[in-house]
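Reader: I would like to learn how to read a model like this one, feature by feature. Could you show me the structure and take me through it?

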Amino acid sequence: QVAGIEETAQNQQERLQALTKEVDALQESLPGPELYVELFEIGVGKAHCDLYLDKNFRLWAEEINRFIGVMIQLHQDLRAGKYRIDTNSEFLGGRCSATAEGMFAAVAIGKQDLASEIFGLACDPEIYFHHIFEVFRCWCLGLYLGGRHRELRELLEEHQFSEGLREGYTNCFIALLNRDGHRMAIGLKDIVRHEWELWQQTGARRAAGVVNFGAAALSVLALERGITVQLPADTIPDLILTET
């Protein structure tokens, strides 16, 4: 009887190894998650440059919408289990900067439903690592758009003494909840300053920072709340606020 159990266990182990190799082979045939991110960043970067040259908000919004679709597809595939979690964990839970960029981009073009869709796909309560900055800003926007303001206030309270870029986002979301124009102005100024510095360090991807999706989206939301917005930098084109 023991010999039979050992033989069954050995057969199951061999079957598991064969299935693992089969899954690995299938996953190798898929485009890597990093390619989705690269396509998003390069695509929106080109769209930003075209916006500044042509001043055509409609065409820009169409292009941004198309590349938001790339991020949605990535998170749909991740959610469906097409990629191994252990080797692609940096794309899960909102950890990847392109996830938050996609969410804020959707708000900037007037597609809040797409931002909520990305949030639902990417941000799992089981991996609520909000001390990671990119995760933090995904949850801030997702909670705000979902009307989960009590949870958002609790999150902001925990981070209210942050500095730098996190402080900028914290100030802006507190300002949205409290309709505080002064605090919104301070937060927007911090965001565009710190994020511009970050984009200068990213080589070929730097064009993706020509329009600041985070600050632009927060400006759009501020206007919806009746908060007067003073644009602190050219990285928030006035076309976004007048056309959205």
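Reader: How many helices and strands are there in the protein?

Author: Before counting, a word on conventions: this is a predicted model, in which local features need pLDDT of at least 70 and side-chain atom pairs count only at pLDDT 80 or more, while totals for chains, interfaces and linings use all residues. Residues are numbered from 1 along each chain as its sequence is written, and side-chain values use heavy atoms, with hydrogens and water left out. Helices (H or I, at least four residues) and strands (E, at least two) are DSSP runs, numbered from the N terminus. Here there are 11 helices and 0 strands, giving the pattern α-α-α-α-α-α-α-α-α-α-α along the sequence.

Reader: What percentage of the residues is buried?

Author: Buried means under 20% relative accessible area, exposed over 50%, and partly exposed in between (1.4 Å probe, protein chains only). Of the 244 residues in the protein, 47% are buried. As for the surface, areas come from the Shrake-Rupley method with a 1.4 Å probe, and for residues only the protein chains shown count as cover. The protein exposes about 12,600 Å², with 52% of it supplied by carbon and sulfur atoms.

Reader: Which residues have the most contacts inside the largest nonpolar core?

Author: The general idea first: in soluble globular proteins, nonpolar side chains tend to be buried together. A nonpolar core is a set of buried Ala, Val, Leu, Ile, Met, Phe, Trp, Tyr and Cys residues joined through side-chain atoms within 4.5 Å. The largest one in this model has 79 residues, and Trp60 and Phe173 have the most contacts inside it. Helix H3 (residues 57-79) gives this core its largest share, 11 residues. Contact means heavy atoms within 4.5 Å. Not counting residues up to four places away in sequence, Trp60 touches Ala47, His48, Leu51, Ile109, Val211, Phe213 and Ile240. Across the protein, 70% of the contacts between residues at least 6 apart in sequence join residues at least 24 apart.

Reader: Why is the pair of Phe119 and Trp139 called edge-to-face?

Author: Rings of Phe, Tyr and Trp (its six-membered ring) pair if their centres lie within 6.5 Å; planes under 30 degrees apart count as stacked, over 60 as edge-to-face and the rest as tilted. The whole structure holds 8 aromatic pairs. Phe119 and Trp139 have ring centres 5.0 Å apart and planes at 85°, so this pair is edge-to-face. The pair links distant parts of the chain, with Phe119 in helix H5 (residues 112-122) and Trp139 in helix H6 (residues 133-145), 20 residues apart. Both Phe119 and Trp139 are buried. Elsewhere, Phe104, Phe133, Phe136 and Tyr169 make up one aromatic cluster.

Reader: Which residue lies over the face of Phe136?

Author: A charge sits over a ring if NZ of Lys or CZ of Arg is within 6 Å of the ring centre and within 35 degrees of the ring normal. In this case Arg166 lies over the face of Phe136, 5.0 Å from the ring centre.

Reader: Which helices do the buried residues of H5 pack against?

Author: An α-helix has 3.6 residues a turn, so residues three or four places apart point the same way. In H5 the buried residues are Leu114, Ala115, Ile118, Phe119, Leu121 and Ala122, and they pack against H3, helix H4 (97-108) and H6. Gly120 also lies in H5, but at 47% relative accessibility it counts as partly exposed.

Reader: Is Glu41 buried or exposed?

Author: Glu41, in helix H2 (residues 33-54), is buried, with a relative accessible area of 6%. Its side chain makes a polar contact (a pair of N or O atoms within 3.5 Å; within protein, one must be able to donate a hydrogen and the other to accept it, and residues adjacent in sequence count only if both atoms are side-chain atoms). The partner is the side chain of Arg205, at 2.3 Å. Leaving out residues up to four places away in sequence, Glu41 touches Ser97, Ala98, Arg205 and Ala208.

Reader: Where does Lys55 lie?

Author: Most residues other than glycine have a negative phi, and most peptide bonds are trans. Lys55, in the loop between H2 and H3, has a positive phi, near 60°, and is exposed at 53% relative accessible area. Arg179 also has a positive phi, near 50°, and lies in the loop between helix H8 (164-178) and helix H9 (181-199).
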